[in-house]
Amino acid sequence: CVGQDLDDARLSEIGPERAGDYVSDLQRRKVRWKDHPNRNPVPGKLSVYTIRKEVRILKGFGTWLEREGFENPFSRLVLPKEPKHLVRVLSDDEIDLILRSINPRSPIGSRAYAIVLFMLDSGPRLSEVIRARLPDLDLETRQIRVIGMPSMDRNISAYPPRLSTPS
């Protein structure tokens, strides 16, 4: 929902300043789910992701307006930055616990062991692991070609020397 400030306005009344004021209002809002048809209002700020969604919707609408020959009042809107999240690193004890829970001497266990070590040592994305195939592995260079998003190939270290013998 675009919000009451813009819902009641005629297109000719919406300019870059009013669009920017709307986004600023979203950022200052202290109640979530205000005027929502199915949820009760809850105290709290809107998330950055909600505000980004609103801005993307407005920018998309503005692009459509331009294609239809109208002025785009949303072209100067800036997407708020997403917060950066630090990834929690597994401790040595957690890694040992994971590796000890796998039997590398069974067919399924050896595959799981190799995948877990590959993920721990090389840091591929989950989607890259899922798409990895044996022909993509170069044993001489110890590299594997992985396909990321959107269909971007890259080579990463497939296995450091410690992977050669499971204990």
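1. **Salt bridges.** The model holds 8 salt bridges, a salt bridge being a side-chain nitrogen of Lys or Arg within 4 Å of a carboxyl oxygen of Asp or Glu. This is a predicted model: local features need pLDDT of at least 70, side-chain atom pairs count only at pLDDT 80 or more, and totals for chains, interfaces and linings use all residues. Residues are numbered from 1 along each chain as its sequence is written, and side-chain values use heavy atoms, with hydrogens and water left out.

2. **Arg52 and Glu82.** These two form a salt bridge, with the closest N and O atoms 3.3 Å apart. The pair links distant parts of the chain. Arg52 lies in helix 3, Glu82 in the loop between helix 3 and helix 4, and 30 residues separate them. Helices (H or I, at least four residues) and strands (E, at least two) are DSSP runs, numbered from the N terminus. Arg52 is buried at 14% relative accessibility. Glu82 is partly exposed, at 41%. Buried means under 20% relative accessible area, exposed over 50%, and partly exposed in between, with a 1.4 Å probe and protein chains only.

3. **Glu94 and Arg88.** Here too a salt bridge forms, the closest N and O atoms being 3.3 Å apart. Glu94 is partly exposed at 27% relative accessibility. Arg88 is exposed at 60%.

4. Glu128 and Arg125 meet through their side chains in a salt bridge of 2.8 Å, N to O. Glu128 is buried, at 0% relative accessibility. Arg125 is partly exposed, at 48%. Salt bridges with shared partners join Arg125, Glu128 and Arg154 into one network.

5. **Nonpolar patch.** Leu11, Phe61, Trp64 and Phe70 make a nonpolar surface patch of about 380 Å². Patches take residues with over 30% relative accessible area and no salt bridge; like charges are joined within 9 Å, nonpolar side chains (Val, Leu, Ile, Met, Phe, Trp, Tyr) within 5 Å. Accessible areas come from the Shrake-Rupley method with a 1.4 Å probe, and for residues only the protein chains shown count as cover. Phe70 sits in the loop between helix 3 (48-67) and helix 4 (92-100). Its relative accessible area is 48%, so Phe70 is partly exposed.

6. **Met119.** This residue belongs to helix 5 (residues 107-122). Met119 is partly exposed, with a relative accessible area of 32%. Neighbours within four places in sequence aside, Met119 is in contact (heavy atoms within 4.5 Å) with Pro124, Leu126 and Val129. Met119 and Ala158 are 39 residues apart in sequence and 9.3 Å apart in space, C-alpha to C-alpha.

7. **Strands 3 and 4.** Strand 3 (residues 137-138) pairs with strand 4 in the antiparallel sense over 2 bridges; two strands pair if DSSP finds at least two bridges between them. Leu137 has Ile144 of strand 4 as its bridge partner. The two strands form a hairpin with 4 residues between them. Arg142, in the turn, has a positive phi of about 55 degrees.

8. **Strands 4 and 5.** Strand 4 also pairs with strand 5 (residues 153-157), antiparallel, over 5 bridges. Ile147 stands opposite Asp153 in strand 5.

9. **Faces of strand 4.** Which side chains of strand 4 (residues 143-147) are buried? Ile144 and Val146 are buried and point to one face.
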